[in-house]
Amino acid sequence: MGKLSATAVKAATQPGRIGDGDGLFLVVQPGGTKSWICRVQKNGTRRDFGLGSTTKVSLALARERAREIRTWMEMGLDPLFERHKARGIPTFKDATAKVLAAHRKTWRNEKHEGQWLRTLEA
């Protein structure tokens, strides 16, 4: 790994993808913006994960994030779910529990809670 250098990233102006190795790519758009993509493949399914703009994510950080994504894939985890979990974004089940707890005080009887649960399960 490590075909690119920080100087090469700054100097890249030709639109397209430039590979760094191990699925990490620098993507240069026709307008000149640059971003990082990590491409992974497991069980015949290929996925691309955006790692951020080169203005905010350095080459070293992009390599670290790509390594993290590859590790999650090898462990059989979904990298997108793991990123959301790390940011504190709740799952649908967790968000549902919070909404039910917030609305529980406003219901006139217990029947309403059952109706909400059935609606969300459906």
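**Model confidence**

The protein chain is a predicted model with a mean pLDDT of 87, and 99% of its residues reach 70 or more; pLDDT is the predictor's confidence in each residue, from 0 to 100. Confidence is lowest in helix α3 (residues 79–87), at a mean of 75, and highest in strand β2 (residues 24–28), at 96. Helices (H or I, at least four residues) and strands (E, at least two) are DSSP runs, numbered from the N terminus.

Residues are numbered from 1 along each chain as its sequence is written. Local features need pLDDT of at least 70, side-chain atom pairs count only at pLDDT 80 or more, totals for chains, interfaces and linings use all residues, and side-chain values use heavy atoms, with hydrogens and water left out.

Four strands form an open sheet in the order β1-β2-β3-β4, with antiparallel pairing; pairing requires at least two DSSP bridges between two strands. The twist averages 30° from one strand to the next.

Strand β2 pairs with β3 (residues 34–42) in the antiparallel sense over 5 bridges. V27 stands opposite S35 in β3.

Helix α2 (residues 59–74) lies across β1, β2, β3 and β4, running at about 20° to β3. Axes are lines fitted to C-alpha atoms, for helices over the stretch in contact (heavy atoms within 4.5 Å), and angles run from 0 to 180 degrees between N-to-C directions.
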